[in-house]
Amino acid sequence: MIKPRVQTKNPIPLYQPLPIADPIAQSDSPQPRRVYIETYGCQMNVSDSELMTGVLTRSGHRIANRIEDADVILLNTCAIRENAETKVINRLTQLSHRKRKQEDLILGVCGCMAQHLRTKLVEAAPYVDLVMGPDAYRDLPRAINSVASGDPFINLKLDKTEDYADIAPIRKDGLRAWLTIQRGCDKMCTFCIVPFVRGRERSIPLPILVDDVKRLVDEGFKEIVLLGQTVNSYNDGKHDFGGLLYAVGDVDGIERVRFTSPHPSDASGGMIDAMANCAQVCKHIHLPLQSGSTRILKKMHRTYTAEEYRTLIATMRERVPNLAISTDIIVGFCGETEQDFAETCDLMSEIRYDSAFTFKYSPREGTLAHRSLEDDVSEKEKGKRLRTVIELQEKISHEINQESVGKTVEVLVEGESRRQSDNYQGKTDNFKTTVFPKENAVVGDLVKVAIESASAHTLVGRITV
Ligand code: 5AD
């Protein structure tokens, strides 16, 4: 039986008693608070913050748009690399000064870093009142109430059945909506903290997701981004990821469907078919490679070889013409030799990604790599390798974007350009940022833009007919 989502677009007014069988944990005497959520890390966290907004609003609290107005501050955090955690620790130090001045301020740390550091977090920042992992957000109202009555609140239980499928997130209006289709991860890459902080993989049933997409289209969203840690391993027991792409692409009025991030080992024929055949599914895939050396991929437990990855790319390019491909690369993983690193650079040069996110390996306590492999590439060498891949990718991205000059691309007008207010910016189907004079277009239009120049990151042109 599929439970309908609780509608939160029109939040229940303050003080109105809530239905008894409410799926969100209630506080005993809900005193409405103004909650400011600060989000760190990936789109999954952005989506979780929207879920938290849904939970809080529904239980009578209000969202503060400015941190100055808040009496509850929640940091929704990331644990993927050490610097993500350092950033939050520094932010907490700043906020501790404010807490000294505003005694009843409630300060909470939610999400992956909370789950990762557990009680160590409270030892490092004893002024934190509320610590909550990604599977505990139903408890937010109860947590706020508990802290308000003097008891710090910690809930770090991972729950392999929690998918929040019955709770509707509250999003800011816009054109692009993030939609979580799967939570957790079963892959166990040796470098990665995600399975430890987000638990086992679970998929939200397809009919619920299709209903969500219909509602999002009704609300004015034009583009849906399906989110999951290994999004293409989606399986609700009846449907796989290819089936979901077709079903979502079929929703009346949807302009674009994207997804992130797929895992190469889960790239099924069904997914590729849907990308090839369904006009609404964008011709762009973000397919993390991590390393071009099969020896390193094995140490990472990535479950594919460089050769298999290369074959997959060739198959996808054959089936999906003009496919744009981006990736994630880690340099300086345990035992990465000059030769291994050269293989990464060679594969990047051969595949010619449209863009890449590149990272220095950062050991994460709790992972297999941290426990059993030596972090033996020096910081200096990691830095050098990182600069090399960034430079290589910039050159390739620049060359690829030059190929668009003189061509016409279709762009979804997303808003004013950050740099120039007489320009709009938007994305092409294959995820290239494009900037052009506004003329008579309005946000939300799909316009044709003739490209006149290009850099590694942006296409620049004019609207044409
Ligand atoms: N160190 C560096 N990069 C990492 N990533 C994940 N874990 C680590 C780590 N411990 C990168 C991977 C992943 C992206 C989201 O972050 O490239 O695809």
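Visitor: Which domains does the domain assignment give for the chain?
Guide: Keep in mind that this is a predicted model. The assignment gives domain 1 (34-155), domain 2 (176-402) and domain 3 (408-463).

Visitor: How many Å separate the centres of domain 2 and domain 3?
Guide: Their centres, taken over C-alpha atoms, are 26 Å apart. Domain 2 puts 18 residues into the contact, and domain 3 puts in 18 residues.

Visitor: And what area do domain 2 and domain 3 bury between them?
Guide: About 1400 Å². Carbon and sulfur atoms account for 46% of that.

Visitor: Which residues in domain 2 lose the most area to domain 3?
Guide: Arg176, Arg256 and Asn401. Together they make up 39% of what the domain 2 side buries.

Visitor: Switching to the ligand. Which residues are around it?
Guide: Here is the list: Ile80, Arg81, Phe191, Gln290, Asp328, Ile330, Phe359, Lys360, Tyr361, Ser362 and Arg364.

Visitor: What does that shell look like by class?
Guide: It has 5 nonpolar, 2 polar and 4 charged residues.

Visitor: Which strands each supply at least two residues of the shell?
Guide: Strand S13 (324-331) and strand S14 (355-360).

Visitor: What about the backbone of Phe191 and of Ser362?
Guide: Each has a backbone N or O atom by a ligand nitrogen atom. For Phe191 the distance is 3.0 Å. For Ser362 it is 2.8 Å.

Visitor: How much of the ligand's accessible area does the protein cover?
Guide: The protein covers 87% of it. On its own, the ligand has 410 Å² of accessible area.

Visitor: Now the backbone. Is the peptide bond from Thr260 to Ser261 cis or trans?
Guide: That bond is cis, with omega near -10°. Most peptide bonds are trans.

Visitor: Where is Ser261 found?
Guide: In the loop between strand S11 (256-260) and helix H9 (269-277).

Visitor: One more. Is the phi of Asn322 positive or negative?
Guide: Positive, at about 60°, although Asn322 is not a glycine. Most residues other than glycine have a negative phi.

Visitor: And where is Asn322 found?
Guide: In the loop between helix H11 (306-319) and S13. S13 also supplies at least two residues of the ligand shell.

Note on methods: Residues are numbered from 1 along each chain as its sequence is written. This is a predicted model: local features need pLDDT of at least 70, side-chain atom pairs count only at pLDDT 80 or more; totals for chains, interfaces and linings use all residues. Side-chain values use heavy atoms; hydrogens and water are left out. A residue is near a molecule or strand if one of its heavy atoms lies within 4 Å of it. A polar contact is a pair of N or O atoms within 3.5 Å; within protein, one must be able to donate a hydrogen and the other to accept it, and residues adjacent in sequence count only if both atoms are side-chain atoms. Accessible areas come from the Shrake-Rupley method with a 1.4 Å probe; for residues, only the protein chains shown count as cover. Helices (H or I, at least four residues) and strands (E, at least two) are DSSP runs, numbered from the N terminus. Ala, Val, Leu, Ile, Met, Phe, Trp, Tyr, Cys and Pro count as nonpolar, Asp, Glu, Lys and Arg as charged, and the others, Gly among them, as polar. Domain bounds come from an automatic or database domain assignment. Contact means heavy atoms within 4.5 Å. Buried area is the accessible area (1.4 Å probe) that two parts lose on being put together, summed over both.
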